[in-house]
Every structure is written in C-alpha cells, then in structure tokens.
Amino acid sequence: MTELPASRHALTATAEAAGLRLDKFLSTQLPDISRSRLRALIEAGCVSLEGATLGEPSHRVKPGATYAVVVPPAEPALPSAESIPLTIVFEDAHVIVVDKPAGLVVHPAAGHASGTLVNALIAHCGDSLSGIGGVKRPGIVHRLDKDTSGLLVVAKNDAAHKSLSEQFAAHGRDGRLHRAYLAIVWGLPKPKAGRIEAALGRKPANRTRMAVMRREEVGRHSVTHYEVMAGLPKGEVTPPASLVRCTLETGRTHQVRVHMAHIGHPLLGDAIYGAGFLSSVRKLNPQAREALAALGRQALHAAELSFEHPKSAKNMKFSSKLPDDMDRLLTALARGIA
C-alpha cells in the first residue's frame, strides 16, 4: 500500500469571512473534510497563520489573512482487513451499498472483534477508502442487527460520510432518505395499515434490550408505518402470520421488532421480543414449523433503500428480494395451517 503525502492548503480569508470561527471558515474552504475533522486538525497544530500555530477552533478569522493547513494522510484502519465474501449492489468512489446476509455483524465490538462487515469492507475497498476522520475506514452511518438481512450504505470518504450522516439524522423528513423493511409477524395486524408512535429506550435491568417507554421524556421519539401485504395463508379470517412492510420515520435500535411486538404482532423467530408467542408455533403446518426452525433468527429484511448521492445529488434507489431462508418460510406459511 503506497504511503500518500500530506496535502497542504493556503486559504486566504475574504472580507465576508471576517469574524468567522476558524473551524467554520475552513469547512467552507475544504468541503470534503468534515468540520469535526478540521477541529481535530486545528487542535493537533496542523493550522497556522504567518508561521504561528493556531490551536483553537474558536479563533476568529481576519480578512486578508492566509491560513496554512496541513492535512496528514489517513492512518491505517484499526480493525484488520479480512477477506469475507460480500454482495455488492453498488459502488463508486464515494459510497458502497451492500446486501448484508443474516449473521454478519456490522461493526467490531466486544465479542465480535473480527469477522464483521467493517473488516470485510477494509479488505474490499483498500486504498479507495480516503479516510473518515483521518482514518482509512468505512463510514458506518446506519446499522442492521446481526440477524437482520438487507441493504446498507457505507461512506468511503469524509464528505460522503457527512452527507449521509445528515440524511440519516433527518430520517427522511427532507425527502432524501427512504428505508423499508419486510417482516413476517404473528397474527394479522388490525387495521391493516397504521402508524406506530411509541418512544423507545433501553431497559434498566437489561441494557441490551429495548422497550417502549411509558413517558416520552425517558425514551427516544420513534415512529414506524406498517402495511399488511398478505395474511398467511391468504383468505384466512385469522391467519397465524402475515407479511408486513414497515417504513421508518425514525431509525432506533430494534425499532421494527419492538414496535410490532408493542401492537401484539412480534416477528416470527424473534427470541427476544416474541418469546410469548412460542406456543403459536403449533398452529403452523409442518413445513412452516420446519422452515421457522431453520430460519433461526427474526424474520426481518431491509428490502428498500434510497438516498441522495453525496456527490452528484442524484436519487439512488435500491431494492433487495427476500433471502432464501425468509422466502422458504413465506412459501411454507402460504400453504395453510396444521
């Protein structure tokens, strides 16, 4: 891997820039570098004025002054590169969209220091990762649970990371971002289309588990829109299961799983939020019981993803069909009850 030299910039402040904070002024001149990264560069002594190092991001810019900025090359990524097969849906110099299989952890963490999507992307992208916050790493702007399959977009440089982070922070309110999931849930939700608004937070007794909070101030505002695509099997008045499409107005941890359980229709295979429905398995036909046992995870797939491309501003739209394990369960459920 070739070691790249530091880039150097000489930026002269105009009269319009007078009085701006130094980090804000630099962000207007170097739009491909995030403001947080520029603050870190200032604090690291990489910005100077007439040979004098400036260490405060709050320094006020003087009109006519020329500021020298040295941007070091991105450091090697801390997680190791690992050759893990990936399904690449789209890739260019700015973003990469992958169709994540169930069972793949997105980011290294306690208990998963290797074998993650990040490890795989470091190996796949190589030198095309130009550095997120000064490190050659993929920019993770959203995540899928280990056992949730489907579409996920990752930034390859600072500017793309900044744009995508803003889009995910807006949760689609500005029309740039769209996400939809397909879920197989117990029973038939009524009405067949609706809006679930319930604040979510971590359970005090089990921090790995999310729950609907009784008071808005102790949870994070969360909204899911759902639509029943089909009762399973079709034509049954009280089908044992349904295929549901969920679109997100917010993107909280375990949101679809908790919200669907909250209205009494948890996902099939969800050992955490659907444990109370284990007895419902006997209502399924033998093929469906076998397919559910083979699934071994919550029946949830990130099927639709669209966003504004961080460089071209073009609307990027992607879809992913159900993976084989969920498709087999869906087919078996459609055959009828036991």
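Student: At what angle do the axes of helix α1 and helix α2 cross?

Tutor: Roughly 125°, with the axes of α1 (residues 22-29) and α2 (residues 35-43) coming within 9 Å. This is a predicted model, where local features need pLDDT of at least 70 and side-chain atom pairs count only at pLDDT 80 or more, while totals for chains, interfaces and linings use all residues. Residues are numbered from 1 along each chain as its sequence is written, and side-chain values use heavy atoms, without hydrogens and water.

Student: Why is α1 called oblique to α2?

Tutor: Angles under 35 degrees count as roughly parallel, over 145 as roughly antiparallel, 65 to 115 as roughly perpendicular, and the rest as oblique. The crossing is at roughly 125°, so α1 is oblique to α2.

Student: Which residues of α1 and α2 meet?

Tutor: Contact means heavy atoms within 4.5 Å. Leu22, Asp23, Lys24, Leu26 and Ser27 in α1 meet Arg35, Leu38, Arg39 and Ile42 in α2.

Student: What makes the pair of Trp186 and Phe277 stacked?

Tutor: Rings of Phe, Tyr and Trp (its six-membered ring) pair if their centres lie within 6.5 Å; planes under 30 degrees apart count as stacked, over 60 as edge-to-face and the rest as tilted. Here the centres are 6.5 Å apart and the planes are at 25°, so the pair is stacked. Trp186 lies in strand β9 and Phe277 in the loop between α5 and α6, 91 residues apart.

Student: How do you know whether Trp186 is buried or exposed?

Tutor: Buried means under 20% relative accessible area, exposed over 50%, partly exposed in between (1.4 Å probe, protein chains only). Trp186 has 4%, so Trp186 is buried. Phe277 has 27%, so Phe277 is partly exposed.

Notes:
Axes are lines fitted to C-alpha atoms, for helices over the stretch in contact, and angles run from 0 to 180 degrees between N-to-C directions. Helices (H or I, at least four residues) and strands (E, at least two) are DSSP runs, numbered from the N terminus.
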